[in-house]
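I opened the model to look up its aromatic rings. My notes follow.

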Amino acid sequence: MYYFAYGSNLSLKQMKLRCPGAVPMGAAVLPGYCLTERQYADIDKSPGNRVCGGLWRITAPDLAALDRYEGYPHFYWRYLVWLDLPDGGEAEAWVYEMTDPAKLLRNGIRYSPYYRQVCAVGAADFGIKTEF
């Protein structure tokens, strides 16, 4: 199965520790969404926009580890999305989005410098340009 990362889980180093079975597959794009800063990275539906991120092949234990890390289902919930790949193909992947109560609590809170740096390094790991 696949997982789409757009924040700190872009970090190869961080994901190796958290999800040892995860394999980075390359850059991908989530169409129809935008990246939103809410203390941590989040996404919102936004027709005409897109989120650049990284595609990971993950195992069931990796997905369980991500669920714990992301606070699923109370802080982030997860669902399947279709991604655009650089070769013109598509892939279906899990993605996490903050729950409505979490969004309300965190709206307007900026990233910490440390979090921003982790995300920026992860984006560089995938060779993508992001807002970090």
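**Rings and charges**

I started with arginines over rings. The charged end of R18 lies over the Y69 ring, 3.3 Å from the ring centre. I found R78 over the ring of Y72, with its charged end 4.7 Å from the centre. For this I required NZ of Lys or CZ of Arg within 6 Å of the ring centre and within 35 degrees of the ring normal.

I noted the basis too: this is a predicted model, where local features need pLDDT of at least 70, side-chain atom pairs count only at pLDDT 80 or more, and totals for chains, interfaces and linings use all residues. Residues are numbered from 1 along each chain as its sequence is written, and side-chain values use heavy atoms, with hydrogens and water left out.

**Ring pairs**

I then searched the whole structure and got nine aromatic pairs. Rings of Phe, Tyr and Trp (its six-membered ring) pair if their centres lie within 6.5 Å; planes under 30 degrees apart are stacked, over 60 edge-to-face, the rest tilted.

W56 and F126 are edge-to-face, because their planes meet at 75°, with ring centres 5.5 Å apart. This pair links distant parts of the chain, 70 residues apart: W56 is in strand β3 (residues 40-57) and F126 in helix α4 (residues 113-126). Helices (H or I, at least four residues) and strands (E, at least two) are DSSP runs, numbered from the N terminus.

I checked burial next. Both W56 and F126 are buried. Buried means under 20% relative accessible area, exposed over 50%, partly exposed in between (1.4 Å probe, protein chains only).

W77 and Y79 form a tilted pair, 4.4 Å centre to centre with 35° between the planes. W77 has 37% relative accessibility, so I logged W77 as partly exposed. Y79 has 12%, so Y79 counts as buried.

Last, I traced a cluster: ring pairs link Y40, F75, Y76, Y111, Y115 and F132.
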